[in-house]
Amino acid sequence: MPRVFSGIQPTGELHLGNLLGAVRNWVEDQHRADSFYCVVDLHALTVPGEPGALGRQTLDLAAALLACGLDPEVCTLFVQSHVPEHTSLGWIMQCTTSFGELRRMTQFKDKSQGQESVSAGLFSYPALQAADILLYDTDQVPVGEDQRQHIELTRDVAERFNARYGDTFVVPAATIPRAGARVMDLQQPERKMSKSTSGDAGIVRLDDDPAVVVKKFKRAVTDSLGEVRLDVDHQPGVTNLLSILAASTGRSPEEVAGAYDQYGPLKADTGEAVVELLRPIQERLGELRSDPGAVAEALRRGADKAGGVAAEVLERAERSIGLLPRR
Ligand code: TYM
């Protein structure tokens, strides 16, 4: 069985981009791969947050992931800070990654732009992400398009380490879905839907009311061309709706595009399809939120299992480097 690893930050609520770009594929992957999914709370420290809020956000995100269909009996769901090997290998990865490589990361450029103060952690973040992945001998990393560059960097760093110290890490590959890999903001369709930058009307949250979802799609920004075509450059809004409808109904974007010639019905059907996609998730979310003890228990078991694998791989890396063994 291939090994799958992926992660998600506990900053803000889960949104449609996370679901279509990543989490839905995690749910599928858990049945065909040995899957590890991590709520990366340490990554969230790279940008300022409200003191004390992170634990609550971590638990809430874990509940949302379970509501989406992750089954803790089938996959390993855990919290990054519960497995300290992540930070240990993170340091080793910082020392294997070059300053120039980190400076080229577009996510760093986006996230640091216009900020008064930028943490060193935000800059070296991709090295910790590489450690997350490499600690599990990962073959495949299911992510949205915006993470492609980070996974490429992880491959480069793994190959460099292996060349320098001998074969140690499995070199992973990104798996990116055909539809839904880049869900755009409904109001500013040239920008991706994002917890940190999207306004309320541009983002569809996992627990938005059905009526709210329908309204957001009705008001989605399109264009004045009056044609339904897949054309990201000239019709980003329409193309986004077509991709969302395709990803939500399991059809291809081309097939969906051929079925419409007016914006109104396209918006209405996309809203309905998303409501149907979210309905069972929202039902389960209500149940899980009323039982935080069960979610915390699943995370504890996940950390025990993840920690066992991570400790072995970290020790292997330390031996390759030639650090003095403790015993
Ligand atoms: P994060 O928390 O920003 O996003 C989690 C996952 O959701 C995907 N995603 C999207 N997909 C489609 N359209 C969108 N608008 C959209 N927004 C987000 C992301 O591609 C991602 O797959 N650095 C990572 C977290 C991370 C990680 C890892 C991922 C840390 N360590 C190891 C994989 C492996 C991040 O900030 O994702």
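Let's start at the ligand. The shell around it holds 27 residues, and Tyr-125, Asp-132, Gly-144, Asp-146 and Val-183 come nearest. A residue counts as near if one of its heavy atoms lies within 4 Å of the molecule.

Keep in mind that this is a predicted model: local features need pLDDT of at least 70, side-chain atom pairs count only at pLDDT 80 or more, and totals for chains, interfaces and linings use all residues. Residues are numbered from 1 along each chain as its sequence is written, and side-chain values use heavy atoms, with hydrogens and water left out.

Now the polar contacts, meaning pairs of N or O atoms within 3.5 Å. The side chain of Asp-132 puts an N or O atom 2.7 Å from a ligand nitrogen. Gly-144 uses a polar backbone atom, 2.9 Å from a ligand oxygen. Gln-9 also works through its backbone: an N or O atom there lies 2.9 Å from an oxygen of the ligand.

How much of the ligand does the protein bury? Alone, the ligand exposes 710 Å², and the protein buries 97% of that. These areas are Shrake-Rupley values with a 1.4 Å probe.

Which elements give two or more residues to the shell? They are β1 (3-8), α1 (16-29) and α7 (120-134). Helices are DSSP runs of H or I, at least four residues; strands are runs of E, at least two.

Last stop, Thr-96. This residue sits in the loop between α4 (85-94) and α5 (99-103). Thr-96 is buried, at 5% relative accessible area; buried means under 20%, with a 1.4 Å probe and protein chains only. Beyond its neighbours within four places in sequence, Thr-96 contacts Val-157, Arg-160, Phe-161 and Arg-164, where contact means heavy atoms within 4.5 Å.

Conventions
Buried < 20%, exposed > 50% of the residue type's maximum accessible area, 1.4 Å probe, protein only. Polar contact = N/O pair within 3.5 Å; in protein donor to acceptor, adjacent residues only side chain to side chain.
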